[in-house]
Amino acid sequence: MTDQIPAAIYGPVRSWRLGSSLGVDLLCVDSICSFECVYCQLGKINRVTTEREIFVSTEKVLEDLQKSEWQKADVITFSGSGEPTLAKNLGEVIEKIKKLTRKPIVVLTNSTLLHDAQVRRELLKADKIFCKLDAWSNDVLRRVDKPSEGILLETIISGIFQLRQEFGGFLAIQTMILRPPNDLEIEKLAAILLLINADEVQLNLPTRPIPHEYFVETRGNAVESNSDYRQIKTISKDELEKIRQKLSQLTNLPVITRYK
Ligand code: SF4
């Protein structure tokens with residue numbers, strides 16, 4: 001049974017923010033998320049849910065870790081085939097991998113479950129948390145992230161805010177920019193960023209090719225060029241730089257992009 005499930009560990013892959021990053025995928029039985037972002041590199045989310053479950057046993061994750069080249073990684077990153085906080089064994093796995101490897105642990109989350117105190121407790125064991133925040137209104141949230149029913153921007157923001165109060169490690173906000181926000185929208189986003197007061201704000205462009213269907217290899221950086229991918233329309237690096245400068249001036253926070 002265990003052999004039919006893909007390896008829960010992948011990489012190390014190169015990351016512009018993290019260097020050599022070993023991926024931990026607690027969801028690799030399928031693509032599973034509380035969002036269906038229009039730019040998602042997984043191609044398609046097959047299970048849209050907000051219910052936490054154990055998808056891959058802790059035992060299997062640790063077995064796969066032993067078979068991997070984890071020693072070569074700078075950091076160990078929980079990401080993979082969807083939203084890692086949906087995995088009920090997230091806290092347990094973080095704790096065990098940290099003890100075994102003594103490497104910094106990073107979690108990439110879409111922030112939708114951070115209102116849950118148990119999820120936040122589990123995340124406290126990580127060293128760095130990157131929280132997705134793509135929207136400054138519920139309308140943008142619906143258009144860009146296509147959330148599971150009942151997820152509101154207010155709940156996401158208050159979840160990140162609470163985590164920021166409780167978490168002693170490095171907390172970054174990751175924002176995907178699809179089109180240039182107008183001045184009012186930038187001011188709205190800046191106000192949210194000021195409230196959260198993260199250590200860093202990372203602005204991204206959706207440059208990764210998107211497959212039509214999910215398959216497990218889409219979780220890493222390595223995509224096969226001969227496969228049938230589509231590319232999402234996005235803005236130029238110069239336009240992104242203008243947004244970065246405006247947000248930086250309005251918030252006084254370190255706002256970065258991979259180009260700057
Ligand atoms: S949150 Fe991440 S995994 Fe989920 S749909 Fe968006 S990009 Fe894909």
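In what order do the eight strands of the open sheet stand, and with what pairing? In this predicted model, where residues are numbered from 1 along each chain as its sequence is written, local features need pLDDT of at least 70, side-chain atom pairs count only at pLDDT 80 or more, and totals for chains, interfaces and linings use all residues. Side-chain values use heavy atoms, with hydrogens and water left out.

The order of the open sheet is S1-S2-S5-S6-S7-S8-S9-S12, and its pairing is mixed. Strands (E, at least two residues) and helices (H or I, at least four residues) are DSSP runs, numbered from the N terminus, and two strands pair if DSSP finds at least two bridges between them. Strand S1 (9-15) and strand S12 (255-257) each have a single partner strand and stand at the edges, so one side of each is left without a neighbour in the sheet. From one strand to the next, the twist averages 25°. Axes are lines fitted to C-alpha atoms, for helices over the stretch in contact, and angles run from 0 to 180 degrees between N-to-C directions. Helix H7 (residues 237-251) packs on the sheet, where it touches strand S9 (200-204) and S12, and the direction of H7 makes about 165° with that of S12. Contact here means heavy atoms within 4.5 Å.

Several strand pairs of the sheet run parallel. S5 and S6 are parallel and joined by three bridges, with Phe78 standing opposite Val107 in S6. Strand S7 (residues 128-132) is joined to S8 by five bridges, again in parallel; Ile129 has Leu171 in S8 as its bridge partner. Five bridges also connect S8 with S9, which run parallel, and Gln174 stands opposite Gln202 in S9. Strand S8 (residues 170-176) is mostly covered, with six of its seven residues buried. Buried means under 20% relative accessible area, exposed over 50%, and partly exposed in between (1.4 Å probe, protein chains only). Most peptide bonds are trans, and most residues other than glycine have a negative phi.

Helix H2 (residues 90-101) comprises twelve residues and reaches 16 Å from its first C-alpha to its last, close to the 16 Å expected at 1.5 Å a residue. The expected span is 1.5 Å times one less than the number of residues. The buried residues of H2 are Leu90, Gly91, Val93, Ile94, Ile97 and Thr101. They lie on the same side of H2 because they cover an arc of only 165° around the axis, the arc being that of the directions from the helix axis to the C-beta atoms. An α-helix has 3.6 residues a turn, so residues three or four places apart point the same way. The cover over the buried residues of H2 includes strand S2 (19-24), helix H1 (58-67), strand S5 (75-78), strand S6 (105-109) and helix H3 (117-123).

Lys96, also in helix H2, counts as partly exposed because its relative accessibility is 37%. Not counting residues up to four places away in sequence, Lys96 touches Thr58 and Leu62. The C-alpha atoms of Lys96 and Leu62 are separated by 8.1 Å, although the two are 34 residues apart along the chain.

The largest nonpolar core has 77 residues, and those with the most contacts inside it are Phe78, Ile97 and Leu133. Helix H6 (residues 183-196) gives the most to this core, contributing six residues. A nonpolar core is a set of buried Ala, Val, Leu, Ile, Met, Phe, Trp, Tyr and Cys residues joined through side-chain atoms within 4.5 Å. Leaving aside neighbours within four places in sequence, the contacts of Phe78 include Leu90, Val93, Ile94 and Ile97, together with Val24, Leu26 and Pro84. Ile105, Val106, Val107 and Leu108 are also in contact with Phe78.

Arg102 follows H2 and is found in the loop between H2 and S6; its relative accessible area is 73%, so Arg102 is exposed. Lys146 occupies the loop between helix H4 (138-144) and helix H5 (153-166) and, with a relative accessible area of 39%, is partly exposed.
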